[in-house]
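Please walk me through this model in the viewer, one selection at a time. Say what to pick at each stop and what is found there.

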Amino acid sequence: MTCKHMNFAANVAVNRIEDTGRFMADVTVKCIDCGEPFQFIGLEPGLKMNGATVSIDGLEARMAILPNSQAMSPLERMTATKQ
Ligand SMILES: [Zn+2]
């Protein structure tokens, strides 16, 4: 019987990139009924310190993150450019 993929497990591994002071959140998702991993769609492979990429097999999203106090939120950027 084909699994309808109704239940999921997600994992986030947060890594601190040595010497750069930057952080990455690596996300994986799989179906816990059949174990099939999910691919992240629409991301380019590689590594971006200011963005999101995907591993070459498509199964791990790698997102650049910063402590809240060290980054402007999209809302703050919008109001800053209007002034
Ligand atoms: Zn499944």
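This is a predicted model: local features need pLDDT of at least 70, side-chain atom pairs count only at pLDDT 80 or more; totals for chains, interfaces and linings use all residues.

Residues are numbered from 1 along each chain as its sequence is written, and side-chain values use heavy atoms, with hydrogens and water left out.

**Whole chain**

Select the protein chain and colour it by secondary structure. One helix and four strands are present, taken from DSSP runs numbered from the N terminus (helices: H or I, at least four residues; strands: E, at least two). Along the sequence their order is β-β-β-β-α. The radius of gyration is 16 Å, well over the 12 Å that the globule rule gives for 83 residues, so the chain is more spread out than a compact globule. That radius is taken over C-alpha atoms, and the rule is 2.2 Å times the number of residues to the power 0.38. Along the principal axes, the C-alpha atoms fill a box of roughly 60 × 30 × 20 Å.

Switch to a surface. The chain exposes about 6400 Å², of which carbon and sulfur atoms supply 56% (Shrake-Rupley method, 1.4 Å probe; for residues, only the protein chains shown count as cover). Of the 83 residues, 13% count as buried; buried means under 20% relative accessible area, exposed over 50%, and partly exposed in between (1.4 Å probe, protein chains only). Among contacts with a separation of 6 or more, 34% come from residues 24 or more positions apart, a contact being heavy atoms within 4.5 Å.

**Zinc site**

Next, select the zinc ion. Which protein atoms are its donors? They are Cys3 (SG), His5 (ND1), Cys31 (SG) and Cys34 (SG), at 2.1 to 2.4 Å from the ion. Donors are N, O and S atoms within 2.8 Å of the metal (3.2 Å for Na, K and Ca); water is not among the atoms, so sites may look incomplete. The angles among the four donor atoms are 106 to 113°, and the site is tetrahedral, a label given to four donors if all angles lie between 85 and 135 degrees. Ideal tetrahedral angles at a metal are 109.5 degrees.

Along the chain, the donor spacing reads C-x1-H-x25-C-x2-C. His5, in the segment before β1 (8-17), and Cys34, in the loop between β2 (22-31) and β3 (52-54), are 29 residues apart and link distant parts of the chain. His5 is partly exposed at 24% relative accessibility, and Cys34 is partly exposed at 39%. Check the backbone of His5 too: its phi is near 55°, a positive value in a residue other than glycine.

**Loop between β1 and β2**

Select Asp19, which lies in this loop. Its phi is near 75°, again positive in a non-glycine residue, and Asp19 is exposed, with a relative accessible area of 81%. Gly21 lies in the loop between β1 and β2 and is partly exposed at 31%.

**Salt bridges**

How many salt bridges are there? The count is two, where a salt bridge is a side-chain nitrogen of Lys or Arg within 4 Å of a carboxyl oxygen of Asp or Glu. Select Arg16 and Glu18: their closest N and O atoms are 3.5 Å apart, and Glu18 is exposed at 56%. Then select Glu60 and Arg62, where the corresponding distance is 2.9 Å. Glu60 is partly exposed at 23%, as is Arg62 at 27%.

Notes: Four donors count as tetrahedral if all angles lie between 85 and 135 degrees; four count as square planar and six as octahedral if opposite donors are over 155 degrees apart and all others between 65 and 115; anything else is irregular.
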